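Let's walk through this structure together, going from helix packing to a few local details. Please keep the viewer open as you read.

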Amino acid sequence: MASMAYEPHPPAVPNWLNKGDNSWQMTASTLVGMQSMPGLVILYASIVKKKWAVNSAFMALYAFAAVLICWVLLCYRMAFGDELFPFWGKGAPALGQKYLIRQAVVPESTHYRRNGSVETPKSEPLYPMATLVYFQFNFAAITMILLAGSVIGRMNIRAWMAFVPLWLVFSYTVGAFSLWGGGFLYHWGVIDYSGGYVIHLSSGIAGFTAAYWVGPRLKSDRERFPPNNVLLMLAGAGLLWMGWSGFNGGAPYAANITASVAVLNTNICAATSLLVWTSLDVVFFGKPSVIGAIQGMMTGLVCITPGAGVVQSWAAIVMGILSGSIPWFTMMILHKKSIWLQKVDDTLGVFHTHAVAGILGGLLTGLLAEPTLCSIVLPVSGSRGAFYGKNGGTQFLKQIVGALFVIGWNLISTTIILLVIKIFMPLRMPDNELLIGDDAVHGEEAYALWGDGEKYDPTRHGSIFGAAELTPYDYGNGAARGVTINL
């Protein structure tokens with residue numbers, strides 16, 4: 001049976017299939033999926049207070065599964081299917097065998113000149129629809145999970161379970177179709193190479209909006225919210241960073257030169273941003289912070305995303321310097337001085353790491369997008385950043401308008417969705433659950449370690465020495481307690 005894969009044209013290898021592109025796209029899909037599961041699940045579980053580890057991980061885990069089912073039932077074709085409105089596609093299932101094994105296509109991506117002639121043919125990657133559906137699902141899933149970072153530690157889990165499919169349908173699909181699926185911003189020429197606007201700006205704005213409507217954590221949690229496992233937090237962050245090569249490397253829909261440039265630029269910008277953020281921590285606070293380094297890594301990854309395949313590598317360093325400093329300033333200085341920002345309890349600072357870094361990357365792309373790289377991957381010919389003259393200033397204006405659309409739509413849609421959910425259930429957990437955390441919400445705790453408020457009882461736990469008898473021995477008030485082993 002294995003030899004069939006190498007016959008001239010067996011049924012599983014139609015003439016249009018490029019095995020290399022298909023292999024890379026499925027690999028990229030897996031890398032992006034690993035950013036969420038297990039990457040962000042681990043990161044969220046470890047970056048929060050111990051009492052919220054299970055709840056935070058569960059919110060991410062649930063979102064990943066729920067988004068997939070909604071995606072194949074309805075949402076993929078709302079984001080990448082036939083046009084219903086200039087900003088929205090017609091929803092339909094992506095489940096049938098005939099649909100999934102045919103050549104992938106984004107039907108509304110044909111770009112026309114003003115005289116009606118075709119300027120750029122529609123996007124038809126050389127692999128089946130099933131590959132494209134799964135690749136784009138992972139982008140939708142991570143957007144939802146990033147949004148969760150704003151409301152962990154207090155959002156009613158039932159409200160979250162209702163919010164996920166509604167936000168996917170009425171918010172994410174609109175941004176995806178408008179900027180990627182052949183909507184009005186796509187054809188106008190707004191550059192969002194791999195989701196600086198569709199994913200990061202939208203999740204940052206929607207998360208901040210949701211945090212406002214859900215309400216704050218308990219005062220004690222807001223004042224002290226240390227991570228429960230710094231080393232595990234680094235493991236989650238590492239999966240996020242490494243997975244970003246699939247995030248930006250898979251965006252051209254092919255294993256081509258743009259993918260190579262994008263992967264290199266992604267890592268350059270992330271490393272630069274991490275170093276700048278860490279340096280600022282040392283200068284202003286006297287010591288480097290692991291959490292700060294992770295925040296800097298993340299802002300670098302977010303900032304490069306809208307332009308990863310269309311900027312030069314020196315520009316990636318420039319973007320890294322700015323993404324390591326501007327979001328640092330808004331989070332560490334501006335946020336602490338702004339009464340308005342402090343009124344909203346954005347648990348993990350998603351507004352700063354994703355909304356601020358996302359719009360920064362989009363605007364910098366409008367300045368630094370290189371014409372030759374743009375001509376390889378963008379549908380609108382002549383696209384270029386303002387730095388390269390000609391119509392570059394117009395491109396910068398387009399980037400501003402695109403950002404304003406994403407911000408406005410997410411503010412309105414997120415608000416409406418949450419107010420509707422609020423009619424049926426509270427958005428915030430009751431105070432008694434907030435006080436206890438995971439055990440009250442899920443009946444589970446993250447760590448089952450002996451000594452966590454429990455005394456060793458040999459009648460319950462047994463003996464580690466077989467026939468040995470462990471006898472508690474009290475050395476008095478305030479002294480150490482131990483066990484005497486009687487053999």
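This is a predicted model: local features need pLDDT of at least 70, side-chain atom pairs count only at pLDDT 80 or more; totals for chains, interfaces and linings use all residues.

Helices here are DSSP runs of H or I with at least four residues, while strands are runs of E with at least two, all numbered from the N terminus. The axes are lines fitted to C-alpha atoms, for helices over the stretch in contact, and the angles run from 0 to 180 degrees between N-to-C directions.

Residues are numbered from 1 along each chain as its sequence is written, and side-chain values use heavy atoms, with hydrogens and water left out.

Back at the helix pair, helix 2 passes helix 4 in a right-handed crossing. A crossing is right-handed if the near helix is turned clockwise from the far one by less than a right angle, and left-handed if anticlockwise. Which residues meet here? From helix 2 they include Ala63, Val67 and Trp71, and from helix 4 they include Leu132, Gln136 and Met144, with contact meaning heavy atoms within 4.5 Å. By class, this contact of helix 2 with helix 4 has 19 nonpolar, two polar and no charged residues. In this scheme Ala, Val, Leu, Ile, Met, Phe, Trp, Tyr, Cys and Pro count as nonpolar, Asp, Glu, Lys and Arg as charged, and the others, Gly among them, as polar.

Helix 4 (residues 129–148) also packs with helix 5 (residues 157–179): their axes come within 11 Å and cross at roughly 125 degrees. Helix 4 and helix 5 are therefore oblique to each other, and the crossing is right-handed. Among the residues making the contact are Phe139 and Leu147 of helix 4, along with Trp160 and Trp167 of helix 5. The class count for helix 4 with helix 5 is eleven nonpolar, one polar and no charged residues.

Now for some backbone details. Most residues other than glycine have a negative phi, and most peptide bonds are trans. Met37 and Pro38 are joined by a cis peptide bond with omega about 20 degrees, and Pro38 is found in helix 1 (residues 19–47). Tyr253 is not a glycine, yet has a positive phi of about 65 degrees; Tyr253 lies in the loop between helix 9 (230–249) and helix 10 (257–285). Lys390 likewise has a positive phi, near 50 degrees, and sits in the loop between helix 15 (371–377) and helix 16 (392–424).

Lys398, in helix 16, is buried with a relative accessible area of 13%. Not counting residues up to four places away in sequence, Lys398 touches Trp188, Gly189 and Val190.

Finally, a look at confidence: the chain averages a pLDDT of 90, and 90% of the residues score at least 70, where pLDDT is the predictor's confidence in each residue, from 0 to 100. Over residues 463–487 pLDDT stays under 50.

Terms used. Angles under 35 degrees count as roughly parallel, over 145 as roughly antiparallel, 65 to 115 as roughly perpendicular and the rest as oblique. Buried means under 20% relative accessible area, exposed over 50%, partly exposed in between (1.4 Å probe, protein chains only).
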